Amino acid sequence: MDMITIFGLLIGFVGIIGGMALEGGHIGSLMQFTAAIIVFGGTAGAVMVSTTKEDLLCGLRLLRLGFGEDDSEDPRKIMAEIVEAAQVARKESILALETRLARFSSPFMKTVFRYVIDGVDPHVIRDTFESKIEVEEENLLAGAKIYTDAGGYSPTIGIIGAVLGLIHVMSNLSDTSKLGSGIAVAFVATIYGVAAANLLFLPLGSKIKRKIKKRMETQHMILEGAIGVLSGLNPFVIEERLRAFVQDDGRGGGKAA
């Protein structure tokens, strides 16, 4: 669980609602079911129109990436596994790595090292997996885009809800009992739209894209390490190369030159 995301949402919503309460407002006035249907239903519809089925399903699967951590893609842990594999290959042989494939934490690493064990040419391995990484990154970013798209649509849908509420008010000017609810829907719909965009959709989309970038960097690190092992480089040299991908906090850094 990514607690920063959870705490961020809590702090954001508590800050807004708490500030409203300090000003003497009532939380119940923000609970408008009609406004929620307009904003979230309209936003969902707009996102579905703007994307493909594949990207939409991918984006929904990526939701767990915004609220969770992927332990199988820990760069520091993977770097240690690569260095250990290099030591085994140097002391014994590359074929000795076959019995260790199941121990690798990353599925991508298992696939790449299968090519290494089979003795595939390093240039072929690089070309093959760099293409796969590029295509995967493109597909994942397309899925993550549904959240930034939702962040762009929801404020506008909120304004539509506000206009609908005002239309309701204007059509019932003679019935004062309906004026309050109509005005409430109008303003609350705007709040829902803006708050959803700036506290949920846009931040979530940015975090998912950042985590995708880190995942791709980790895969590039695996590829560099695997080619180093196949080329017979000293494990110490391989470790130094891979350190370019790992920051002090254990997360991926920039791609090695």
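Good morning, colleagues. Residues are numbered from 1 along each chain as its sequence is written, and side-chain values use heavy atoms, with hydrogens and water left out. Because the model is predicted, local features need pLDDT of at least 70 and side-chain atom pairs count only at pLDDT 80 or more, whereas totals for chains, interfaces and linings use all residues.

I begin with the surface. Met3, Phe7, Leu10, Ile11 and Val14 make a nonpolar patch of about 520 Å². Patches are made of residues with over 30% relative accessible area and no salt bridge, with like charges joined within 9 Å and nonpolar side chains (Val, Leu, Ile, Met, Phe, Trp, Tyr) within 5 Å. A salt bridge here is a side-chain nitrogen of Lys or Arg within 4 Å of a carboxyl oxygen of Asp or Glu. Areas come from the Shrake-Rupley method with a 1.4 Å probe, and for residues only the protein chains shown count as cover. Ile11 counts as exposed because its relative accessibility is 63%, where buried means under 20%, exposed over 50% and partly exposed in between.

I turn to the aromatic rings. A pair of aromatic rings is described by the distance of the centres and the angle of the planes. Rings of Phe, Tyr and Trp (its six-membered ring) pair if their centres lie within 6.5 Å; planes under 30 degrees apart count as stacked, over 60 as edge-to-face and the rest as tilted. By this rule there are 4 aromatic pairs. Phe40 and Tyr192 have ring centres 6.3 Å apart and planes at 40°, so this pair is tilted. It links distant parts of the chain, with Phe40 in helix H2 (residues 33-50) and Tyr192 in helix H7 (residues 179-230), 152 residues apart. Phe40 is partly exposed at 39%, while Tyr192 is buried at 17%.

What geometry do the rings of Tyr115 and Phe129 have? Their centres are 4.9 Å apart and their planes stand at 80°, so the pair is edge-to-face. Tyr115 belongs to helix H5 (residues 107-117) and Phe129 to helix H6 (residues 122-170). Tyr115 is partly exposed at 26%, and Phe129 is buried at 0%. Together with Phe108, these two residues form one aromatic cluster.

Finally, Gln219 is found in helix H7 and is buried, with 3% relative accessible area. Beyond its neighbours within four places in sequence, Gln219 is in contact (heavy atoms within 4.5 Å) with Phe108, Ile133 and Glu136. Thank you.

Note on methods. Buried means under 20% relative accessible area, exposed over 50%, partly exposed in between (1.4 Å probe, protein chains only). Helices (H or I, at least four residues) and strands (E, at least two) are DSSP runs, numbered from the N terminus.
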